[in-house]
Amino acid sequence: MSLSPFEVSSAALAPEEGQSAEALDAAGSIEGRSPLRLALARLRSDRMAWVAAGMILLMVALALIAPLLSSITGHSPYNPDLVNGTDTFGQPYGPGQAGFLLGTDNVGRDILVRIAYGARISLLVGILSTLLATVGGTALGLISGYYGGWIDALLARLMDAVLSFPYVLAAIVLAAVFGGSLPLTIGVIAFFSWAAIGRIVRGQTLSQKEKEYVEAARSIGAGSFRIMFVDILPNLIAPVIVLGTLLVPVAIVFEATLDYLGVGVGPPTPTWGNMLADDQGSAGFGAWWFWVFPSIALLITTLGFNLLGDSVRDALDPRTERLFAMRRKKAAAARLDASSGAGAEPLGGGMEAP
Amino acid sequence: MADTTAPVSPAGDEPPLTAAPVEDRPLLQVENVVKHFPIKRGIFFKRQIGSVQAVEGVSLEVCRGETLGLVGETGCGKSTLARCITRLHPLTSGRVIFDGVDISRLSARQLRTHRRRMQMIFQDPFGSLNPRRRVGSIIGDPLAIHGVADGGERKRQVQELMEVVGLNPEHYNRFPSEFSGGQRQRIGVARALALRPSLIVCDEPVSALDVSVQAQIINLLEDLQGEFNLTYVFIAHDLAVVEHVSDRVAVMYLGKIVEMGGTAELFGSPRHPYTAALLSASMVADPDKARSSHRVVLYGDVPSPINPPSGCRFHTRCPKAQPICSVEEPPLRVQAGDAAGHVTACHFPVVPGEQLVGTAPAISAAATAFAAASPEIGEEDRA
């Protein structure tokens with residue numbers, strides 16, 4: 001009894017080992033794969049990454065076809081339509097009623113069309129503000145860590161201050177002063193997100209700048225900016241990408257929060273936060289579809305980005321190589337099984353092609 | 001080989017090295033260079049509580065086409081001196097004159113033009129190459145920074161360099177992690193060579209490599225010296241390597257040069273007890289010689305460079321130490337019977353043929369003598 005598992009495992013191992021050696025040969029023949037390309041290859045082998053990408057693509061598709069959706073259904077995302085959008089008693093339609101797939105809101109607007117338009121705002125704000133925060137945070141973190149001294153003291157304290165700020169309050173004040181708008185919302189979110197990236201980049205820069213390759217760069221006459229952005233930056237791109245991916249859902253939720261509080265993008269614009277806020281005034285209708293569908297949209301988007309962020313982190317982390325090696329082995333074994341049944345394996349070569 | 005300057009080679013099997021200077025002026029003059037690293041304490045207001053005296057008044061000259069070997073124990077300030085020469089560290093005091101120009105006080109911008117002619121090869125072939133950049137761009141960096149070549153021309157020059165140092169030019173787009181230690185050091189050599197410098201400071205270029213690979217890199221460096229008329233400052237702690245590559249050798253101990261002279265002379269008849277001890281400690285490949293040779297064993301550790309010993313810095317470990325050694329610092333001077341270029345900083349230089357008794361009793365006897373003369377030094381010895 002105690003012997004048989006060994007026998008089974010060794011028997012199962014034999015073909016796998018042959019396969020992995022082949023895979024190794026294939027990898028060796030590809031010259032100079034950059035760490036990022038390796039990570040991308042690992043990301044492609046991650047099933048959860050595909051699920052996450054699917055969720056994000058669903059939302060991107062929804063955002064792209066929003067005008068199409070509006071013109072097909074003939075439902076405007078902005079204008080209240082109490083004639084077509086509500087029943088004879090002035091009550092909103094539920095999901096599936098009168099040609100409204102997800103129902104209408106309290107002034108008769110199509111919730112599906114509004115969610116599609118809301119996806120545009122959410123993705124725009126989420127990605128644009130994260131991009132701004134990432135670029136700004138990376139640049140300031142690099143400068144802070146590389147120069148040190150009073151520049152570092154100043155920037156590091158600034159990051160601490162931003163991170164410890166009650167940002168919702170600050171956003172409310174800013175919106176009250178300048179009036180809520182899309183650029184302001186993006187700016188506010190970017191301003192309160194850059195410090196998280198800046199701090200990580202600063203720490204990484206502090207460790208990287210002591211490496212000998214930085215000294216080598218100085219000895220060939222490279223300037224400070226070249227050292228920072230050409231030599232050090234590629235070495236901390238991995239944490240920046242991971243953190244950036246994980247900042248997108250935070251920014252989207254932040255934007256929805258601001259809209260919900262009425263200090264983000266103004267009410268006529270359909271955003272998920274605005275739609276959730278509408279629900280407050282509609283509690284009497286018992287219209288669950290007011291908040292359920294925008295919430296689901298928000299959930300799918302943030303979950304998608306969070307899952308993608310996790311996968312990206314796994315793909316970029318060299319310590320998870322064993323996990324991926326195991327997966328590759330499994331996949332190779334599965335391919336072997338399939339090919340021994342079919343007699344040929346054209347798939348194996350096709351997968352590795354760049 | 002494009003060597004036209006010196007038809008005389010110092011040793012038969014070596015490629016011709018330019019023993020005589022092209023011009024009278026040395027390529028590199030180091031005058032009284034001092035480098036102290038401050039030690040700071042405190043959370044808000046950092047105050048200096050002391051300093052590591054890494055290099056303490058070093059002067060030397062390197063002529064065109066020659067190789068100056070720099071040897072000494074770990075922590076004696078060799079690498080710091082190298083970084084002072086290439087101005088990777090600012091100097092505490094002293095001057096570095098490169099080809100007639102004092103570069104020790106130049107700003108970073110002014111320095112850039114001089115960097116073209118003065119390059120460095122680093123010890124660690126892993127740390128000194130950026131892991132995230134392709135070999136082509138690492139070697140091409142100097143060309144890009146100084147605007148020497150762009151685009152296709154840069155690629156062509158880089159591939160030429162790769163060929164010169166014995167790398168496959170087709171590996172242009174690979175990453176450093178895809179190369180072995182020796183190949184990586186070749187990449188470092190190619191990078192240093194890219195701007196066709198006059199001086200290359202080699203900071204222990206082979207100490208991180210396998211012995212068989214060491215020989216390849218040393219031979220490569222010697223070939224390149226003939227081909228590109230290079231001058232080397234060659235730092236190492238492997239005496240056999242230094243003896244092989246150097247025309248002249250300087251021995252450092254605790255931030256100071258204790259002896260300097262022609263390789264054959266210095267290795268043949270060392271005058272400083274420290275040099276003698278170093279030489280006796282190196283391995284001899286010939287077992288008969290090894291058996292007959294007498295080892296001078298030094299006891300104790302190198303004293304702290306934060307608080308170096310008074311007088312001659314070697315007196316705490318010297319088998320020949322006398323009371324005067326702890327009081328008066330001996331200057332570097334030509335000792336009686338030595339050639340003009342052979343200088344030693346010692347009150348009681350080793351007489352050729354003398355057997356140094358570098359044993360514990362000698363040291364403790366000397367220590368007792370010091371203890372009587374100056375109590376604080378005796379204490380340091382015991383500690």
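Start by selecting B:Ile121 and B:Cys202: Cys202 of chain B, in β7(B), is the bridge partner of B:Ile121. What you have open is a predicted model, in which local features need pLDDT of at least 70, side-chain atom pairs count only at pLDDT 80 or more, and totals for chains, interfaces and linings use all residues. Residues are numbered from 1 along each chain as its sequence is written, while chains are lettered from A and ligands numbered from 1 in the order in which they are written.

β6(B) and β7(B) (residues 199–203) run parallel, paired over four bridges. Strands here are DSSP runs of E, at least two residues long, and helices are runs of H or I, at least four, both numbered from the N terminus. Two strands pair if DSSP finds at least two bridges between them.

**The four-stranded sheet**

Next, pick β2, β1, β4 and β5 of chain B, which form an open sheet in that order with antiparallel pairing. At its edges are β2 and β5 (101–102) of chain B, each pairing on one side only. Inside, strands β1 (residues 28–41) and β4 (residues 93–98) of chain B pair antiparallel over five bridges. For one bridge, click B:Val34, whose partner in β4(B) is B:Ser93.

**Where the two domains touch**

Colour chain B by domain: domain 1 is 28–117 + 197–259 and domain 2 is 270–382, with bounds from an automatic or database domain assignment. How many residues of domain 1 are in contact with domain 2? There are 18, facing 19 residues of domain 2; contact means C-beta atoms, placed from the backbone, within 7 Å. On the domain 1 side, β2 (47–62), α7 (239–245), β9 (248–253) and β10 (256–262) of chain B each supply at least two residues. That side divides into 11 nonpolar, four polar and three charged residues. Nonpolar means Ala, Val, Leu, Ile, Met, Phe, Trp, Tyr, Cys or Pro; charged means Asp, Glu, Lys or Arg; the others, including Gly, are polar.

**Over to chain A**

Bring chain A into view. The contact between the chains takes 26 residues from chain B and 18 from chain A. α3(B) gives the most to the chain B side, with three residues. That side has eight nonpolar, seven polar and 11 charged residues.

**Into the core**

Finish with the largest nonpolar core, which has 163 residues; B:Ala190, B:Val233, B:Phe234 and B:Val251 have the most contacts inside it. Such a core joins buried Ala, Val, Leu, Ile, Met, Phe, Trp, Tyr and Cys residues through C-beta atoms within 7 Å; buried means 20 or more other C-beta atoms within 10 Å of a residue's own, with 12 or fewer being exposed and anything in between partly exposed. Helix α5 (residues 111–147) of chain A provides the largest share of this core, 15 residues. Last, centre on B:Ala190: leaving aside neighbours within four places in sequence, B:Ala190 is in contact with B:Ile139, B:Leu161, B:Met162, B:Val165 and B:Leu167.
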